[in-house]
Amino acid sequence: MTDLTKENQANGPLIVEGKHADNERLKAESNYLRGTIVEDLKDNVTGGFTADNFQLIRTHGMYQQDDRDIRNERTKQKLEPLHNVMLRARMPGGIITPTQWLAIDKFSREKTSYGSIRITTRQTFQFHGVLKPNIKLMHQTLNEYGIDSIATAGDVNRNVLCTTNPVESELHQEAYEWAKKISEHLLPKTRAYAEIWLDGEKIEGGTETGEVEPILGPNYLPRKFKTTVVIPPQNDVDVHANDLNFIAIADNGKLIGFNVLVGGGLAMTHGDKSTYPRKADDFGFVALENTLGVAAAVVTTQRDWGNRVNRKNAKTKYTIDRVGVDTFKAEVEQRAGIKFSESRPYEFTGRGDRIGWTEGFDGKHHLALFIENGRLLDNPNAPLKTGMAEIAKVHKGDFRMTANQNIIIAGIASEDKADIEKIARAHGLMADNVSVQRKNSMACVAFPTCPLAMAEAERYLPGLVTDVEAILAKHDVADESIILRVTGCPNGCGRAMLAEIGLVGKGPSKYNMHLGGNTAGTRVPKMYKENLNEADILQEIDSLVARWASERNNGEAFGDFVIRVGIISEVKVSKRDFHD
Amino acid sequence: MLPEKQNLNQTMLDTNQLASFKQGINDLSPLQLAWASGYLAAKAESVTSVELPATTSSVAAATLTILYGSQTGNAKGAAKSLAAKASAEGLNVELKSMGELKPKAIKNLTHLLIVASTNGEGEAPDDAIALHEFLSSKKAPKLDHLHYSVLALGDTSYEFFCQTGKDFDQYLENLGAKRMAARVDCDVDYDAEAGAWSVNVIAQAKKLLDVDSPSSNVMPLATVSSVEEKYTKQAPYTAELLLSQKITGRDSAKDVRHVEIDLGDSGITYQAGDALGVWFENSSNLVNELITALGLNSQEMVSVVGESIELATALQAKYEITQTSINFVEFWAKLVGSEKLLALLDDKTALREYAANHQVVDVVKSEPLPNEVKLSAQTFIEVLRKITPRLYSIASAQSEVEEEVHLTVGLVQYQAGDEVRQGGASGFLANGSQEGSEVKVFIEHNDNFRLPADNETPVIMIGPGTGVAPFRAFMQEREATDASGDNWLFFGDQTFTQDFLYQVEWQNYLKSGLLNKIDLAFSRDQAEKIYVQDRLKENASEVFSWLERGAHIYVCGDMSRMAKDVESALLEIISEQGQLSQEQATTYLKDLRNAKRYQKDVY
C-alpha cells in the first residue's frame, strides 16, 4: 500500500477559484429549487420545461426526456420533440409495499407512454414517458401512497442504497433503518417540492421543515452525490460507484457501526483525461451514534471544497484527489467532532442477487426474480408487469428492488410459497433456463428515452448476452460467467466501470471495451479497445474467452485472468493508471 | 364625414324642389326626357361649382347588373366569366359582390343576373347575408320593374341543395320581379350548365335591353379585365409538387400533409387569404378496381365532350369517382334492381349519407351488376359527375415563400371492407403523386378573407385543424410587412402531442413576439371535450376588449359545427361583455361582418 500513500498526499487548493459554472447561478437564483416551474406547468404550448427549470426539475426527481427514436421524424413534422419526463422515486433501500406497488402499477399503465415500470441501478423504480399535464397527478398519486421523488437527481444527495439482504433480516432491518435516516438527514429542507407538486400540502409522513438548508446550503452541492449502506459480504450496491458508503459492521449479529468509504464514482467524459472512474477510500470505523454526523460532515466538506468552476471535476472523488485523502478525512473528523478508528475487517465476495428461493433466519421465504434490464412490461409471451401486480394483490410481505435491477418478493410464509410461485411462473417472472451469464449482465436505460445516451444499452444487452452465452458454450465454459455491463454513455448508470467486461457507448453502434474489473467490484477496468462495433465486440470476446478457457488457473475469474496474463494492466490508482 | 358627401348634401334638391321638378318632367315622353337630360347636362357643365351625384349614371337604363354571393370563389368566378361574355356581346355590365350593394339600392336596378352559392345547411354566403335578409324582410320594396334570372351553385350531397339561389329566385318573384330565364341549379361540376344558362340569359338580356350587336365603343369593364388571370380554372398552370410532408405525429388518428408546390416562372401571384385550386387525377389502382368490378374493358373508347378516349383515361382524369352523387346511387339502384338501394331512394337523408360514405367503386362492388344486365362504358361515364378541382386555403404568403405555394391538406382516408379509400385530391397530393410530379393549379382569389389594410389593427384568428392554414399565411405576411398589430391565434385539434399543426412555427412566433397570444384546445387530452369555442368563452373579456379596439376576427375550418359554435360563442361574449341583448349582439356581429372585420373561410 506504500505507493498509494504517496498518491494520497496531493496538496492542491482547498477551493478552486474561477468563474463558476452556469449551474451554480441557476441553483443560487432558484429560490431554493423553485425556479419558475409553476409557470412552466401552465405553458401548454410546449410539453417541455424552459431554461433553468429544465435542470431544476431534476432536484425534484425528474429528467426531461423525449422519444429519441422519433426526434428526427418529428422535426420534419414541424412538431417539437415528444417531450416527457422520467421520474425516479426516492425509495431508500428499495423497499416497497404491495399497496404502493399496485398504485405505481396503475399509474404507469394509465399515464405513461411506455406503460412500464423500470427498476434501476439506484435501487428504485422509474416511470418513463410522463407528459406534462400528468406530472402533478403523478406526484400527488405517489404522495397518497407515501412515496416522493425529492432529490433523486441533481446536485444533491440522491436515493440512498442499502444491501438487499432479506436472509439475515434482523441486520438488514437495522441497516435499512439507517439508510432511511441518512436519506432524511441529507434531504433538501426546502418546501419547494410540496408547494409545486402537492399544492403546498404537508408531505405524507414527512417532517415539518423550514426554509434553510443547514447541510446542503443555498447553492446545494457542486455535483450529484451518492450514498450507500452495505452489509458484507454482499456488495450488490457497488460501493465504489458511490461518494459515501457505510459498511455495516456487526457484532454477534447486532449492528455496532460502520466503516466509512468516501470518494467512489464511475462517471467520466470521453476524451477528457482529467476525468476517470475511481474507487472510494476507506476512512475508518465510526460507531453507530456518529453515523449522521459523519454523513453530514462528508457532505458539507464536499459542499465547501468541491469544484464549482468545472462540473466535470466537481465530484467528491476529484476533491479528494485534489486536496488529498488525509486532508479531506481530517476535515470530516473536525466537522463531525470524531476520530475515525481503524477500519474493521470485512470482505466482499460478490455482487449478484441470489435469484430464486432463499429462507431467512426467521423462517420466512424470499423469492428473488431476475428481471432482465429491470424492465417490467407486459411482453407478448411474458406479462411480467401484470404478474407483479397479481403477486402484489396476494402478497403479505413486501418487495425489495435491488441495485442489480431485480426484485425480491420478501417475507413469504411457507404456506404461501406455492401460490406465489404459481403466479410468478404463469407470468414469465420465473424461468429455469436463465443462464448465470444473463444474471451477471446489466445495462442502463439509454435509447430511446435517455438524452445522454450515445449508443444503445438496454435494447442491445439481451441479444449480446445470447451471443456471449454461445461463445462460452463454444469454449466449454457454459457454466461460467463474466460480469458484463453495457452503458450508453460514460456517465456510469450501468456501472460498466466495475465490470469484468465493460462496454461504454461512444456513438451509434460504437463502444469502448474495458477489461479487468473483478467479481467483488473492487477494481476499475481499463480501456482495452476503442470504438468497437457489435461484430468487433463479439470477435474480441470470442478470442479472449478462448484464451481464458484454455490458459486460466483453477477457478480464475475472467477479470483476474486478463490482468495476470498481461492482456490489460491493472488500475490501482485511477488518477495515475486509468488513462496511462 | 367625407367631402363628397357634404357636397352632395349641399347640392341635392330639397323636398319642395324635388316635388316641383318631378311635376315638371312627369308627362314627358321618352324622347322629350332624353332631350331634357342633355339640356340639364349642358346646364350643369356651365355651372362649374355643381357636381352631379355619381349615382345618376347607374340609373341609366341600359345596365345589366350581375351580383354574386360567393363563399369560396366559385360563384364569383362564374359571375366574372358571365360578365366578360355579356360585355363582349355589347351589354353594359356592372359586376358586383352582393356585399358591395346597399340592399336598398336593389330598387334602382332594372336587369339583374344573380350567381349565388349555398353554404352547408342552406345558409347564404357571407357577402350575400345582408341582401338575402333584406329581400325576405318587410322592408323589401316592390320590384315590378326588375327583370332577373338566378344561377344557383350547390352540391347535391347536401340536404339544402342550392338553397340560397332558390331563395333569391323566390324572393324576387314574390316582390313582383319578372324572370327573364328560369333558374338553373348546378351541382359541383357546374361549368356546362352555367355556360348554357349564360348563353340563354345574355340572349334574353340583349332582347330586353335592345342591344343588337357588339358596339365598338363599349369598353371592357375594368373590374372584369383587371382580375383576368393568365392561369385559370379552365386553363390551370402545371406546377411541380415539391413536398408532401405528414405533419401529424405517428400516433395521430389523422394524416395531415404540409404540401409545397413550385409555381416556377408562371408569374402567378396570390395574397394571404386566397385559395389554390387543385386539379387531380384519380388513382390508377382505384380506376382498375372499378373497371374490373364493372366487367368493362379499360381500353374501350368513350366519348367525352366530343373527344374519344379510353375508358381508363376518362375515369382517371375526367370523372369524379371518389365522391358519389345521389344521382349515381339512384341510377345504380334502378340498374341493378338492388332492393337495399331502392329503399334508400325514398329517404333523402339516408341516401345522402350513403352517397357520402361510399365511393363509386364501393357502391358497384356492394351491389354488383347482375350478369343479365348490360352496361356500356359510355352509359356509365355519363351518369358520373365531371371531375372538379378542389380548393385549398393557401398556407403561405408570397412575401415569405416567393414562387412557392403551401397547403395544409387533411388526407381523407377510411377503410371500406378490405380496401383503404382516400379522397381524390387529398390522396393525389398526399401519396397518389410522387414529389416532383406535376399538379395543375390556379389561384382562387378570396377578397372575403383579407388581413386588415392597416398593419396596426389587431387580429384574432380562429382556425382549428387544417383551418389553421390561412393563419400561417397571415403570420408570414404580418412578419414580412413588419405589421405592428397584435395577433392572437385559437387552435384546436384532437391531441397536443400528435396534432399540434405547425407547433414549432407557432412557438417561434411566440418567442419572437409576433404572435402575442395562443390558446389551444385539444379535445381528447382530457375526459371532457374542449374546443376552440370554449377557449374563446374562457377569454371572453379579453376577446371583447380586442374587438372594441378594432380587432378583425377570422374563422377558418369546418363550417357545419365549428364555425357555428364559434359564432354562437362570439354572440354570447358580445352580449355578456357588452351588456347587450341578443338582438343587439347579433347587430354588433353583423356590423363587424359588414365592416369586413368578421370574415370566414369555412367549408
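Helices (H or I, at least four residues) and strands (E, at least two) are DSSP runs, numbered from the N terminus. With that in hand, welcome to a quick tour of a predicted model, in which local features need pLDDT of at least 70, side-chain atom pairs count only at pLDDT 80 or more, and totals for chains, interfaces and linings use all residues. Residues are numbered from 1 along each chain as its sequence is written, while chains are lettered from A and ligands numbered from 1 in the order in which they are written. The model scores ipTM 0.88 and pTM 0.82.

**Confidence in chain B**

- pLDDT is the predictor's confidence in each residue, from 0 to 100; chain B averages 87, and 86% of its residues score at least 70.
- Residues 1-11 of chain B have a pLDDT below 50, and beyond near neighbours in sequence this stretch has five contacts in the model. Two residues are in contact if their C-beta atoms, placed from the backbone, lie within 7 Å.
- Residues 45-61 of chain B also have a pLDDT below 50, with ten contacts beyond near neighbours in sequence.

**Overall build of chain B**

- Chain B holds 24 helices and 21 strands.
- Of its 603 residues, 41% count as buried. A residue is buried if 20 or more other C-beta atoms lie within 10 Å of its own, exposed if 12 or fewer, and partly exposed in between, with C-beta atoms placed from the backbone.
- Among contacts in chain B between residues at least 6 apart in sequence, 77% join residues at least 24 apart.

**Where the chains meet**

- The contact between the chains takes 20 residues from chain B and 15 residues from chain A.
- On the chain B side, strand E7 (237-246), helix H19 (496-499), helix H20 (503-512) and strand E19 (517-522) each give two or more residues.
- H20(B) gives the most to this side, with six residues.
- The chain B side divides into nine nonpolar, seven polar and four charged residues.

**Helix H22 of chain B**

- Val543(B), Trp546(B) and Leu547(B) are buried in helix H22 (residues 540-548) of chain B.
- Seen down the axis of H22(B), these buried residues fall within an arc of 100 degrees, so they line one face of the helix. The arc is that of the directions from the helix axis to the C-beta atoms.
- Ser541(B) and Glu548(B), on the other side of H22(B), are exposed.
- The cover over the buried residues of H22(B) includes strand E17 (459-462), strand E18 (487-493), helix H21 (532-538), strand E20 (552-557) and helix H23 (559-577) of chain B.
- Just after H22(B), Gly550(B) takes a positive phi of about 95 degrees.

**A sheet in chain A**

- Five strands of chain A form an open sheet in the order E1-E2-E5-E4-E13, with antiparallel pairing. Two strands pair if DSSP finds at least two bridges between them.
- Strand E1 (62-66) and strand E13 (375-376) of chain A stand at the edges with a single partner strand each, so one side of each is left without a neighbour in the sheet.
- Strand E4 (residues 117-119) of chain A pairs with E13(A) in the antiparallel sense over two bridges; Ile117(A) has Leu376(A) as its bridge partner in E13(A).

**Backbone points to check**

- Most residues other than glycine have a negative phi, and most peptide bonds are trans.
- A cis peptide bond joins Pro232(A) and Pro233(A), with omega about 10 degrees; Pro233(A) sits in the loop between strand E7 (227-230) and strand E8 (244-251) of chain A.
- The peptide bond from Phe447(A) to Pro448(A) is also cis, with omega near 5 degrees; Pro448(A) lies in the loop between strand E18 (441-443) and helix H16 (461-474) of chain A.
- Cys162(B), not a glycine, has a positive phi near 55 degrees, and Cys162(B) counts as buried because it has 25 C-beta neighbours inside 10 Å.

Note on methods: Nonpolar A, V, L, I, M, F, W, Y, C, P; charged D, E, K, R; others polar.
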